[in-house]
Amino acid sequence: MFLPITEKEMRSLGWERPDVILVSGDAYIDSPFSGTAVIGKYLMSKGFKVAVIPQPETGGGKDICRFGEPALFWGVSAGCVDSLVANYTASGKPRRSCDFTPGGVNGRRPDRASIVYTGLIRRFYKNTVPIVLGGIEASLRRIAHYDFKTDKIRRSLLFDAKADIISYGMGEASVLELARALKEGRDWRDIRGICFVSGRKPDGAVELPSYEEAAADKAAFARMFKIFYDNSDPVSGVRLAQKTGDRYLVQNEPPLITEKLLDEINELDYEREAHPLSGGEVRAAETVRFSMASHRGCFGSCSFCAITVHQGRAVVSRSEASLLREAAALTGKKNFRGIITDVGGPTANMYKMGCEKMSKYGACRHKRCLYPKPCPSLNVSHEPLIRLLEKISSLKGVRKVFAASGVRPDIAAADAEHGGAYIEALARRHVSGQLKLAPESADKRTLAQMKKPGTESFKDFIRVYGEASRRAGKNQFITCYFMAAHPGCGMAGMERTRDFVKKYLSFSPEQVQIFTPTPSTWSSCVYYTGFGEDGEPVFSVKDTAEKIRQKAVLIPEKAKAGGAGRGRRK
Ligand code: SF4
């Protein structure tokens with residue numbers, strides 16, 4: 001069943017009024033890969049009435065007033081990605097297409113959608129029930145943050161959007177708790193995973209440098225970000241407070257996500273389609289229609305990635321039994337042709353991995369799990385993943401099971417016992433012709449800033465995978481993702497990467513993205529402050545034409561199409 005998106009649909013369910021209205025910058029896809037669907041369906045399964053307003057028209061009240069006011073709260077999200085990332089390319093040009101918009105033409109999601117949607121609600125319902133911001137835009141802009149569009153530090157989105165609460169990170173448990181507290185008239189200020197504004201610093205909260213200090217002084221911003229980052233672990237993270245003007249932004253401890261919760265939310269009955277009244281084909285629905293999420297979180301902690309502060313560094317995996325039940329249910333879906341297009345998470349090969357210390361006391365603050373080498377305490381066994389893929393493959397009605405998420409070669413190399421068998425299984429059965437790898441760079445200095453491993457495990461992986469593919473009699477391709485203009489990377493770094501590609505890869509890279517300093521990543525902090533994580537000076541290319549020239553080193557034709565100028569060595 002779809003959640004209602006029209007008043008008629010709501011009435012047909014016998015509801016007078018929803019408890020919760022979710023407003024989103026994306027079309028409504030009823031899938032476990034859509035935050036709106038997951039939150040809505042999860043609340044529904046607990047007895048709440050939830051309606052959705054996807055991509056509301058912002059010029060008037062026609063859409064936003066469709067259901068009237070909810071009984072408990074509004075949930076507002078910009079969608080699956082930050083609205084400025086969704087609306088602009090890394091070189092600042094407006095994006096023409098959008099996979100989350102019916103018909104594929106971008107233009108339905110306003111810039112800073114969380115602020116615009118909240119303003120729209122307040123325009124028609126001034127003193128309404130609480131407005132709760134969620135999704136990646138709110139999560140990564142929850143404290144003072146670098147805003148790449150204005151090249152400035154902005155205060156928490158909560159102040160600018162005039163909302164009441166941010167549900168950050170993975171919000172299922174927090175939002176359910178909040179709905180129950182609001183229904184029962186209880187205080188909600190101690191719920192994990194939320195931010196709110198307070199007139200005083202709560203007792204025991206760790207105080208961050210204030211917004212004003214962070215905005216005026218780059219060293220204070222770097223200090224603030226380090227404390228914030230270190231406290232994103234659900235086990236060891238504490239309550240934080242940041243003074244902003246004469247009030248405090250309070251961030252409660254990160255939400256706790258368990259195997260049981262992940263199993264439950266992924267096994268809800270999703271339609272796995274865009275809502276039939278969406279008004280056009282929604283491409284993103286196709287991508288995830290027959291995909292399954294095996295885990296959340298990533299202990300890779302690449303500097304340019306925000307997963308650590310959004311999903312957490314500890315990997316939480318689903319049970320094998322739950323994944324098998326979900327796969328069996330997929331075989332009964334309309335249009336299922338026997339192919340499960342992905343079983344994975346942020347990284348393909350982290351299922352059931354982790355370390356005891358991380359689960360008992362939280363991830364180490366003074367070192368990374370995979371950089372510069374995989375930590376010896378890390379359990380990197382691929383055995384549970386190999387077994388899972390085999391078991392799903394042997395289900396009646398399943399012909400193929402693919403791993404479409406990015407694979408980490410360094411983890412496969414670290415697993416002396418099962419790493420080889422994993423690569424063999426991938427090559428033989430679990431790649432649909434294109435394997436995804438993300439070396440990002442082959443330049444040592446850049447890799448050190450990205451906190452990515454060197455190229456050795458990558459080279460080994462390509463060789464072993466190639467041999468396994470030949471043994472399997474398959475001609476398979478590898479898609480490699482590279483990044484240009486990351487902090488610490490100049491033209492010489494890109495040329496070293498190009499030379500590596502020429503020497504070791506028998507193909508040209510197709511996927512080269514220009515680094516975007518999105519909110520709340522270490523790389524963005526380095527880009528803005530000019531200091532690395534250890535306080536060392538790090539240069540970053542700021543000039544757009546220069547960034548495009550870096551990209552052109554790897555893919556001249558594509559970069560030219562994007563407006564690359566003539567090359568210049570740095
Ligand atoms: S002990 Fe190693 S694997 Fe565990 S959290 Fe620390 S760095 Fe990561």
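Modeller: A polar contact is a pair of N or O atoms within 3.5 Å; within protein, one must be able to donate a hydrogen and the other to accept it, and residues adjacent in sequence count only if both atoms are side-chain atoms. Here the side chains of Asp99 and Arg283 make such a contact, at 2.9 Å. This is a predicted model, in which local features need pLDDT of at least 70 and side-chain atom pairs pLDDT 80 or more, whereas totals for chains, interfaces and linings use all residues. Residues are numbered from 1 along each chain as its sequence is written, and side-chain values use heavy atoms, without hydrogens and water.

Colleague: Which residues is Asp99 in contact with, leaving aside its neighbours within four places in sequence?

Modeller: Contact means heavy atoms within 4.5 Å. For Asp99 these residues are Val282, Arg283 and Ala284. The C-alpha atom of Glu281, 182 residues away along the chain, is separated from that of Asp99 by 9.1 Å.

Colleague: Is Asp99 buried, partly exposed or exposed?

Modeller: Buried means under 20% relative accessible area, exposed over 50%, and partly exposed in between (1.4 Å probe, protein chains only). Asp99 has 34%, so it is partly exposed.

Colleague: In what order do the strands of the open sheet run?

Modeller: Strands (E, at least two residues) and helices (H or I, at least four) are DSSP runs, numbered from the N terminus; two strands pair if DSSP finds at least two bridges between them. The nine strands follow the order E2-E1-E3-E4-E7-E8-E11-E10-E9, with mixed pairing. E2 (50-54) and E9 (206-208) stand at the edges, each with a single partner strand, so one side of each has no neighbour in the sheet.
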